Amino acid sequence: MEDEVVLLDFWPSSFAMRVKIALGEKGIKYKCKQEDLFNKSTLLLEMNPIHKKIPVLIHNGKPISESLIILQYIDQVWNHKSPLLPSDPYQRSQALFWADYIDKKIYGVGRRVWMGKEDQEEAKEELMQCLKTLERELGDKLYFGGQNIGVVDVALVPFTTWFYSYETYGNFSIETGCPKLVAWAKRCKENYRSVSEALPHPLQIYEYVMELKKRLGLV
């Protein structure tokens, strides 16, 4: 009997993009259900009653929430190809450390940049410091996972489609400060179909941010 896999999604969400990349790498067929985060569906509230957030992966009727937990679940359940996490316990712990670092840093500080409030300059500096830290961790490797993408790549690359919005609203250049990181992002999109198919065009994200700012009364 074939698995039934459903993703509760919101297309601009970097967290949901992670799940789509992982499912793509594993070659898993799934149904994608778009959510309206201003009018959440009954299904979302039933499947994630604690946080009431996307993404939620529903596998044969059972919900899994929180994107990094979903990535680990996908890697364990569909372990036949494209491992996302190293088998070595120490290397695995380091990969999870950096994925967690991305979770705790990039979304919040990036949001402060595009919102454009009084702390924008501070947020821009903090964002660049975070990205430079990640660039140092990448070093001379092709990918954070080494020769192939791994969980850190999957965790970070969705945020790169937001870079244009950060730069436009913040009036700065990420590539100037982090050229190796931007080159890595281009490699991911060029060499991995799962990445190129999961990430919306940066201009689509920018248009979404413009609409969101209007809705939030920020323009």
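Buried here means under 20% relative accessible area, with exposed set at over 50% and partly exposed in between (1.4 Å probe, protein chains only). Strands (E, at least two residues) and helices (H or I, at least four) are DSSP runs, numbered from the N terminus. All of this comes from a predicted model, in which local features need pLDDT of at least 70 and side-chain atom pairs count only at pLDDT 80 or more, while totals for chains, interfaces and linings use all residues. Residues are numbered from 1 along each chain as its sequence is written, and side-chain values use heavy atoms, with hydrogens and water left out.

Strands of a sheet pair through backbone hydrogen bonds, either parallel or antiparallel. Two strands are taken as paired if DSSP finds at least two bridges between them. S1 (5–9) runs antiparallel to S3, and four bridges join the two; Leu 8 has Val 56 of S3 as its bridge partner. Strand S4 (residues 62–65) also pairs with S3 in the antiparallel sense, again over four bridges. Here Leu 57 is bridged to Ile 64 of S4, and Val 56 stands opposite Ser 65. The S3–S4 hairpin has two residues between its strands, and Asn 60 in that hairpin takes a positive phi near 50°.

Put together, four strands make an open sheet in the order S2-S1-S3-S4, with mixed pairing. Strand S2 (31–34) and S4 sit at the edges, each pairing on one side only. From one strand to the next, the twist averages 20°. H1 packs on this sheet, touching S1 and S3, and its direction makes about 155° with that of S1. Axes are lines fitted to C-alpha atoms (for helices, over the stretch in contact), and angles run from 0 to 180 degrees between N-to-C directions; contact means heavy atoms within 4.5 Å.

Helix H1 (residues 14–26) also has a helical neighbour: its axis and that of helix H3 (residues 67–77) come within 9 Å and cross at roughly 10°. That angle makes H1 roughly parallel to H3. The cut-offs are under 35 degrees for roughly parallel, over 145 for roughly antiparallel and 65 to 115 for roughly perpendicular, with the rest called oblique. On the H1 side, the contact is made by Phe 15, Arg 18, Val 19, Ala 22, Leu 23 and Lys 26, which meet Ser 67, Leu 68, Ile 70, Leu 71, Ile 74 and Asp 75 of H3. By class, this contact of H1 with H3 has eight nonpolar, one polar and three charged residues. For this tally, Ala, Val, Leu, Ile, Met, Phe, Trp, Tyr, Cys and Pro count as nonpolar, Asp, Glu, Lys and Arg as charged, and the others, Gly among them, as polar.

Ser 13 lies in the loop between S1 and H1, and at 11% relative accessibility it counts as buried. The side chain of Ser 13 reaches the backbone nitrogen of Phe 15 at 3.2 Å.

A few backbone details deserve a look. Most residues other than glycine have a negative phi, and most peptide bonds are trans. Ile 54 and Pro 55, however, are joined by a cis peptide bond, with omega about 0°. Pro 55 is placed in the loop between helix H2 (42–47) and S3. Lys 52, also located in the loop between H2 and S3, has a positive phi of about 60° although it is not a glycine; Lys 52 is partly exposed, at 36% relative accessible area. Glu 66, in the loop between S4 and H3, has a positive phi near 75° and is partly exposed at 37%.

Leu 131, Glu 135 and Leu 138 of H5 meet Pro 179, Lys 180, Leu 181 and Trp 184 of H9. This contact of H5 with H9 has five nonpolar, no polar and two charged residues.

Methods
Polar contact = N/O pair within 3.5 Å; in protein donor to acceptor, adjacent residues only side chain to side chain.
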